[in-house]
Amino acid sequence: MDTAAKQSPAPAAEKPSGAAYRNLVMATIGFALTFWAWNLIAPMSADYKDRLGLSSFQQSLLVAVPVLVGSLGRIPVGALTDKYGARLMFPLTSALTIVPVLLLIPAKDSYGAMLAVGFLLGLGGTTFAIGIPLVNSWFPPADRGLALGVFGMGMGGVALSGYFTPRIAKHGDNLPFYVVAGALVVFAALAAVLINDRPGRQVPTDTLAHRLGAAGRLRVTWELSALYAIGFGGIVAFGVYLPTYLKTWYELSPTDAGTKAAGFALVTVIFRPIGGWLSDRMHPAIVSSAALGVAALMAIVQAFDPKLMPGGTIALLVMAAGLGTASGSVFALVSQVTPQAKVGSVTGIVGAMGGLGGFVPPLVMGAIYSSKGSYSIGFMLLSDLALAGCVYAYGRMRNIQRDT
């Protein structure tokens, strides 16, 4: 008999299990809720500015502090997730986030207290580094880009906050904080039961410092960090500062500005899984390059201060689509070039740099507006960074081979 006839047929492609989808759904919900908590200050920042008599820079600093802490916190949280697993880290982090959410109530009449609570509130932004390694471990490579993109839709918590927080506050100044705290209590309890680490998960035996050092020595960690700082950093920056920009420059009411900012965030949420889906079908570096090129072009358009309807609205929404697509494609690339045991550590660093990318722009925009009375310079700086990322992704990152 022919030797080839004796050979077993090629195994069917691995399919995600029901447990994989359950963990994906839970992680996405938890990500959205903690991001809502993380962004609670931004939609109310105009009220805090008027109540506390803040300058534009002080207002920008108030909304940026949680972004900074949440970004840097992803580095140790990602490494701890490698060690202890998402089964412990997700419910624990969600439960701890309840504390600063409730502390916003007594702190609201003091700028110093608000900064301190904003520092603690940064904990809500660290769950990104918990969910990525969890989802990455449960899904096979052929479906990983889309799965990570779906998880990334949890950043829609920023949109939820921008839309619902000011509306809930109309029924009581403290009501948004009680609602979010209650939702986190329910999620933490469900997560403790329904989130599971994949059986056979590799548990590192070396120290936290050694694992972070090993991840930091990978060149690709910092290349991906730079791209993510532009893509996701742009999303975070606009998520926290767009209500202020729309209220100040286009003279919208806080509610209307929050609604339009939520629309921007919603577009980024929709296009993030599209970026992951495209990255399952072509090299994610090419997807990232094209997406950042679109974002750069729209930032240039917005720098010329078009009227909000329709020019400014179109420019901002297309920019949101580009940034959302780039965010999804960059983490599809992370999952392909990073060993599974190091995904949490690398994710922590890359996620931190992405968050830091969102920390700086609000401060720059606030400072430029305070001194120049214009936001154009800030948008031109964004276009320069996005164009640099576009060129680097195409010129260097597309040469990184897929992990088969």
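This is a predicted model: local features need pLDDT of at least 70, side-chain atom pairs count only at pLDDT 80 or more; totals for chains, interfaces and linings use all residues.
Residues are numbered from 1 along each chain as its sequence is written, and side-chain values use heavy atoms, with hydrogens and water left out.

**Entry 1: salt bridges**

I asked why K260 and D256 are separated by about one helical turn. The reason is that they stand four residues apart in helix α13 (residues 254–279); helices here are DSSP runs of H or I with at least four residues, strands are runs of E with at least two, and both are numbered from the N terminus. K260 is partly exposed at 32% relative accessibility, and D256 is partly exposed at 29%. I recorded the cut-offs: buried is under 20% relative accessible area, exposed is over 50%, and partly exposed lies in between (1.4 Å probe, protein chains only).

How many salt bridges does a search of the whole structure find? I counted two. D109 forms one with R51, and the closest N and O atoms are 3.9 Å apart. This pair links distant parts of the chain, since D109 is in the loop between α5 and α6 (111–121) and R51 is in helix α3 (residues 45–52), 58 residues apart. D109 counts as exposed because its relative accessibility is 56%, whereas R51 is partly exposed at 38%.

**Entry 2: a buried glycine**

I then looked up G276, which also lies in helix α13. Is G276 buried or exposed? It is buried, with a relative accessible area of 0%.

**Entry 3: a surface patch**

On the surface I found a nonpolar patch formed by Y84, L88, L92 and L96, with about 380 Å² of accessible area together. Patch residues have over 30% relative accessible area and no salt bridge; like charges are joined within 9 Å, and nonpolar side chains (Val, Leu, Ile, Met, Phe, Trp, Tyr) within 5 Å. Accessible areas come from the Shrake-Rupley method with a 1.4 Å probe, and for residues only the protein chains shown count as cover. Helix α5 (residues 86–107) gives the most to the patch, with three residues. Y84 lies in helix α4 (residues 56–84) and is partly exposed, at 48%.

**Entry 4: pocket and cavity**

On a 1 Å grid over the protein atoms alone, a cavity is a set of points where a 1.4 Å probe fits but cannot get out; a pocket is an open set with protein on both sides within 12 Å along at least five of seven lines; lining residues have an atom within 4 Å of a point. Grid points are joined across faces, edges and corners, and a volume is the space filled by probe spheres set on the points.

The largest pocket holds about 420 Å³ of space. Of its 22 lining residues, G357, P361, L381, L382 and L385 are the closest to its centre. Helix α12 gives the most to this lining, with ten residues.

The structure holds three cavities of 30 Å³ or more.

Key: A salt bridge is a side-chain nitrogen of Lys or Arg within 4 Å of a carboxyl oxygen of Asp or Glu.
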